Amino acid sequence: MKTKIITLTKNNPDNQKLKIAAKAINDGKLVAFPTETVYGLGANAFDTKAIKNIFKVKGRPQDNPLIVHISDISQLLDLAKEVPLKAIKTINVFWPGPLTIVVKKKKVPSIVTANLDTVAIRMPKNKIALDLIKFAKTPIVAPSANLSKSPSPTIALHVINDLFNKVDVIVDGGACKIGIESTVVDFSSKTPTILRPGAITKEALEKIIGPVKVGYDLKTKTPKSPGQKYKHYSPKAFVYLVNSNNFYKEANNLIKRNISKKIGVIFYKKNNCCLLSSKNIYKKPLKDNKDYAKNLFKYFRYFDQKGCDIIICEKPKQTDIGVAIQNRLKKASSCII
Ligand code: TXA
Ligand code: MG
């Protein structure tokens with residue numbers, strides 16, 4: 001298969017080109033496209049054959065359900081059997097945006113939902129994604145457009161590296177604004193429950209709908225969000241997650257102990273002065289949590305490309321999107337210090 005790459009920019013949205021991608025969706029093909037969180041690998045949400053192909057191309061386990069992306073509220077009503085009041089209040093504030101709701105499903109193919117009686121739905125805040133859905137005139141299922149287990153793609157080059165000549169179209173729309181995946185909230189049970197943390201925080205949700213539970217730290221073998229049981233987001237290197245209190249001391253100890261190895265370090269800028277340097281150490285200082293979210297997966301992929309054996313990450317501050325970054329880092333890391 002030969003992948004067609006379509007390049008779009010904010011100043012050159014070029015609907016004609018995007019309509020080619022929409023036609024590919026209608027023809028049962030796979031199209032990678034940008035969203036505000038990460039790139040998605042899209043197919044028509046009602047085309048079982050195309051969806052089977054998504055699982056195959058990604059190497060994704062069949063029991064991990066997909067998110068259905070919509071561009072218009074009327075599509076929600078086609079997919080959901082019921083939308084509880086708290087879900088309506090929440091999407092009123094956060095859609096389009098990095099929020100996925102899980103609700104009881106209506107007519108959604110079972111391959112999308114891994115045979116669950118619920119469906120995950122999201123309206124992305126990205127003009128290319130929204131127009132693609134509009135032009136295709138169908139909801140689009142899209143997992144992150146990476147090979148299963150590797151870090152999610154945040155620029156088109158990441159998608160090209162993982163999926164070139166394995167998918168039909170890649171729409172290059174530049175860098176994703178947020179950089180980590182959407183918050184997934186289950187509204188199908190009595191108290192809304194966060195199944196995966198993201199840019200929309202527990203506090204922000206609680207301001208609108210009152211108490212919200214956290215479901216992603218449970219050590220259960222069958223979590224409600226099947227995706228949470230898989231090792232994810234991992235670079236090839238061994239990842240250390242190091243506490244902020246003593247960061248540069250602990251990081252320098254690790255560097256000294258692994259002096260012959262290539263090492264990547266992600267840390268808040270203030271520690272820059274005190275970290276050891278050498279040509280084998282690749283440093284990525286961060287301004288703040290937003291910067292951390294936007295660049296985490298990009299830096300993971302960069303360090304892998306440089307052949308790093310070890311990656312040292314400073315634990316993110318547990319404010320705003322920091323909770324979600326920590327969630328991804330815990331899954332990616334082999335050792336927490
Ligand atoms: O930001 C995002 O959400 C990106 C962009 C492309 O929209 N998509 C994404 O998809 O991260 P994926 O497939 O990598 O992750 C979907 C997550 C998985 O953890 C999956 O288990 C969960 O959503 N999920 C999907 N349907 C579900 C359902 N019915 N019940 C519970 N969890 C569900
Ligand atoms: Mg994913």
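## Packing of helix 4 against helix 8

In this predicted model, helix 4 (residues 85-94) and helix 8 (residues 202-209) have axes that come within 9 Å and cross at roughly 120°. Helix 4 is therefore oblique to helix 8. The crossing in which helix 4 passes helix 8 is right-handed.

Helix 4 contributes Lys86, Lys89, Thr90, Val93 and Phe94 to the contact, and helix 8 contributes Ala204, Leu205, Ile208 and Ile209.

## Packing of helix 1 against helix 6

Helix 1 (residues 15-26) and helix 6 approach each other with axes within 8 Å, at a crossing angle of roughly 60°. With that angle, helix 1 is oblique to helix 6. Helix 1 passes helix 6 in a right-handed crossing.

On the side of helix 1, the contact involves Asn15, Leu18, Lys19, Ala21, Ala22, Ile25 and Asn26; on the side of helix 6, the contact involves Ile128, Asp131, Leu132, Phe135 and Ala136. Asp131 also takes part in a salt bridge, in which its side chain meets that of Lys127.

The side chains of Lys127 and Asp131 form a salt bridge with an N to O distance of 2.7 Å. Both residues belong to helix 6 (residues 127-136); because they are four residues apart there, about one helical turn separates them.

Through salt bridges with shared partners, Lys127, Asp131 and Lys134 are joined into one network.

Nine salt bridges are present in the structure. Side chains of opposite charge can pair when their charged atoms come close. One of these salt bridges joins the side chains of Arg122 and Glu36, at 3.0 Å from N to O. Arg122 and Glu36 are both buried.

A salt bridge is also formed by the side chains of Arg328 and Glu181, with an N to O distance of 2.8 Å. Arg328 belongs to helix 11 (residues 322-332) and Glu181 to the loop between strand 8 (169-172) and strand 9 (183-186); the pair links distant parts of the chain, 147 residues apart. Arg328 counts as buried at 0% relative accessibility, and Glu181 counts as buried at 4%.

An open sheet is formed by 11 strands in the order 1-8-2-3-7-4-6-5-9-10-11, with mixed pairing. Its edges are strand 1 (4-7) and strand 11 (213-214); each has a single partner strand, so one side of each lacks a neighbour in the sheet.

Strand 5 (residues 99-104) and strand 6 run antiparallel and are joined by five bridges. Thr100 has Arg122 in strand 6 as its bridge partner, and the side chain of Arg122 also meets that of Glu36 in the salt bridge described above. In a regular strand the side chains alternate between the two faces of the sheet.

Helix 2 (residues 48-58) lies across strand 3 and strand 7 (140-141), and runs at about 155° to strand 3.

In helix 3 (residues 73-79), the residue considered here is Gln75. Gln75 counts as buried, at 11% relative accessibility. Apart from neighbours within four places in sequence, Gln75 is in contact with Ile70, Ile133, Thr138 and Pro139.

## The pair of strands 12 and 15

Four of the five residues of strand 12 (residues 238-242) are buried, so that this strand is mostly covered, buried here being under 20% relative accessible area. Strand 12 and strand 15 (residues 310-314) run parallel, with five bridges joining them. Within this pairing, Leu241 is placed opposite Cys313 in strand 15.

Conventions:
Residues are numbered from 1 along each chain as its sequence is written. Chains are lettered from A and ligands numbered from 1 in the order in which they are written. This is a predicted model: local features need pLDDT of at least 70, side-chain atom pairs count only at pLDDT 80 or more; totals for chains, interfaces and linings use all residues. Side-chain values use heavy atoms; hydrogens and water are left out. A salt bridge is a side-chain nitrogen of Lys or Arg within 4 Å of a carboxyl oxygen of Asp or Glu. Buried means under 20% relative accessible area, exposed over 50%, partly exposed in between (1.4 Å probe, protein chains only). Helices (H or I, at least four residues) and strands (E, at least two) are DSSP runs, numbered from the N terminus. Two strands pair if DSSP finds at least two bridges between them. Contact means heavy atoms within 4.5 Å. Axes are lines fitted to C-alpha atoms, for helices over the stretch in contact, and angles run from 0 to 180 degrees between N-to-C directions. Angles under 35 degrees count as roughly parallel, over 145 as roughly antiparallel, 65 to 115 as roughly perpendicular and the rest as oblique. A crossing is left-handed if the near helix is turned anticlockwise from the far one by less than a right angle, and right-handed if clockwise.
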